[in-house]
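Subject: Structure handover

Hi,

Here is the structure I promised to pass on. Please open it first, then read my notes on its salt bridges below.

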Amino acid sequence: MTVIIRQMPAIVAADVARPTSDEIGTRLLDAAAEVFAERGFEGAGVAEIGRRAGVTTGAIYSRFSGKADLLVSALDARTADELDALFADHRFEGHAEDILTIAGSHLVDRAPSAGEPLLLEAFVAARRDPAVARLLRERVAERHARLTEIIEAAKASGGI
């Protein structure tokens with residue numbers, strides 16, 4: 001018995017613009033920030049966040065471990081890392097004491113950021129939700145370690 005296999009022509013899909021992974025992530029984090037700001041952590045629903053982002057809840061859970069992870073990730077996306085901003089600032093010449101001086105003045109005269117209401121909501125949620133508290137603790141510990149490195153470098157160089 002002989003079997004003849006014919007190759008079927010490939011069906012080429014129309015050029016449909018599909019969102020990239022980064023676009024979906026950005027939409028998710030924007031939608032999450034909006035919903036958390038409007039309804040708080042307790043009142044925010046993953047289904048509503050997905051609806052606003054134009055994705056399914058499955059798409060959310062494939063990227064985030066849960067609502068707490070989504071809140072902290074949205075917070076990260078909406079708040080600038082002050083230390084990164086200082087390192088990008090060309091007003092200092094690499095001396096740790098210059099960074100600390102700029103950081104101190106920045107705290108006094110800075111304009112409020114768009115992420116501050118979300119940060120407040122994260123702190124409130126952390127009081128009730130251990131997962132949010134753990135994630136926020138991790139973020140604060142990372143920033144603490146970076147600032148400690150700057151201060152230790154300044155001490156070692158005699159700057160402070």
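Aspartate 76 is partly exposed, with a relative accessible area of 34%. This is a predicted model, so please treat each value as computed.

Which residue does aspartate 76 pair with in a salt bridge? The partner is arginine 139, and the closest N and O atoms are 2.7 Å apart. Arginine 139 is also partly exposed, at 21% relative accessible area. That value counts as partly exposed because buried means under 20%. The pair connects distant parts of the chain. Aspartate 76 sits in helix α4, arginine 139 in helix α8 (residues 130-157), and 63 residues separate them.

Helix α4 (residues 67-78) also holds arginine 78. Arginine 78 forms a salt bridge with aspartate 30, with 3.5 Å between the closest N and O atoms. Aspartate 30 lies in helix α1 (residues 21-43), 48 residues away, and this pair too links distant parts of the chain. Both ends are partly exposed: arginine 78 has a relative accessible area of 32%, and aspartate 30 has 33%.

Now look within helix α8. Arginine 134 and glutamate 138 both lie there, four residues apart, or about one turn of the helix. They form a salt bridge, with the closest N and O atoms 3.0 Å apart. Arginine 134 is partly exposed at 41%, and glutamate 138 is partly exposed at 35%.

Salt bridges link Glu34, Glu38, Glu48, Arg51 and Arg52.

How many salt bridges are there by this rule? The count comes to eight.

Best wishes

Definitions and conventions
Residues numbered from 1 in each chain as written. Predicted model: local features only at pLDDT ≥ 70, side-chain atom pairs only at ≥ 80, totals over all residues. Heavy atoms only, no water. Salt bridge = Lys/Arg side-chain N within 4 Å of Asp/Glu carboxyl O. Helix = DSSP H or I, 4+ residues; strand = E, 2+ residues; numbered from the N terminus. Buried < 20%, exposed > 50% of the residue type's maximum accessible area, 1.4 Å probe, protein only.
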